Amino acid sequence: MDAFAETVVDAINEVSGAHPGHRAAHAKGTLMAGSFSAAPCAAELTSAAHMQGDPVRVTARLSNGGGDPGIPDYAREGRGLAVKFYLPDGSKTDIVGLTLPCFFVRTPEDFLEFTRARMKPEELMPEFLAAHPEALPAIQASLGADPPESYASCAYNSIHSFRWTGPDGAARWVRYRFEPEAGERSLSGEEARARGRDYLQEDLLAREEIAFRLVIVIAEDGDLVDDPTVAWPDERERVEVGRLVLDGPETERERDRDILVFDPTRVTDGIGLSDDPILRFRPRAYSVSVERREATRAGA
């Protein structure tokens, strides 16, 4: 077992509480089924199978950021959209996005320190932020944003960078962004509370369809591709490369002992990983969380 990854997951559990059978983070969420159709330009930018134009089936999960599955939907925190694409050859690839513009820390070691500071924020967080000012933009975005009107009215950023290689061999670094076709809208805290503890989940399941544009943001020379705490400038080129449509709850996955994992390092030919330490660490933490979820379900 990966001792450091276990320590990180234990720390997350100390902040949110241990909730057997649930994910350590993004514990409260809803699975949806749907499809993704790439735009014609996507095949010119990457040889990835899901970007060649034919629709592919997806499973998506929209979630709140914390590790408590009982957290109210009006809590001020980041939201997530994770998408699993089922490719024609039977393989899969994932994209994971957050409503934050960037991440809190640069390394897994800093993440552990940040998580421990969250256990005693008044005592430990000032010292952490003095040493890690790069954490402030993500913290401010997480705590300062108004609650969303709907999961369907949020934009979700990949945080990490990926190398797209086209059929001509040309390569470029990109970040993903899912933009809601319904537009971005939020509520006041009072309005969100009036809608109830589970208003985001209820709204999602009441909709016949929600849709997002998948946009890639293309890096320029000098943009940091290995540092998730740095958002690229707004003027970077953006290309719409596809449309994600979610049209109902996913009822086939996470039944019985099925464990569903959305892992942004699960890429396919035509897409490569950066050396971002947080990105590279994710599978290690997921493995610990999955093993604990499996143990809980096996004993059920």
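**Burial and aromatic pairs**

Tutor: We may begin with Tyr156, which counts as buried because its relative accessibility is 0%. Please bear in mind that this is a predicted model.

Student: How do you know that Phe212 is buried?

Tutor: The relative accessible area of Phe212 is 0%, and buried means under 20%. Phe212 is therefore buried.

Student: How many aromatic pairs does a search of the whole structure find?

Tutor: The search finds ten aromatic pairs.

Student: Why is the pair of Tyr156 and Phe212 called edge-to-face?

Tutor: The ring centres of Tyr156 and Phe212 are 5.9 Å apart, and rings pair if their centres lie within 6.5 Å. The planes stand at 70 degrees, and over 60 counts as edge-to-face. The pair is therefore edge-to-face. Tyr156 belongs to strand E5 and Phe212 to strand E8, so the pair ties together parts that are 56 residues apart in sequence.

Student: What makes the pair of Trp164 and Tyr176 tilted?

Tutor: The planes of Trp164 and Tyr176 are at 55 degrees, with the ring centres 6.1 Å apart. Planes under 30 degrees apart count as stacked, over 60 as edge-to-face and the rest as tilted. The pair is therefore tilted. Both Trp164 and Tyr176 are buried.

Student: How do you know that the charged end of Arg57 sits over the ring of Tyr86?

Tutor: One condition is that CZ of Arg is within 6 Å of the ring centre and within 35 degrees of the ring normal. The charged end of Arg57 is 3.9 Å from the centre of the Tyr86 ring, and sits over that ring.

Definitions and conventions
Residues numbered from 1 in each chain as written. Predicted model: local features only at pLDDT ≥ 70, side-chain atom pairs only at ≥ 80, totals over all residues. Heavy atoms only, no water. Phe/Tyr/Trp six-rings, centres within 6.5 Å; stacked < 30°, edge-to-face > 60°. Helix = DSSP H or I, 4+ residues; strand = E, 2+ residues; numbered from the N terminus. Buried < 20%, exposed > 50% of the residue type's maximum accessible area, 1.4 Å probe, protein only.
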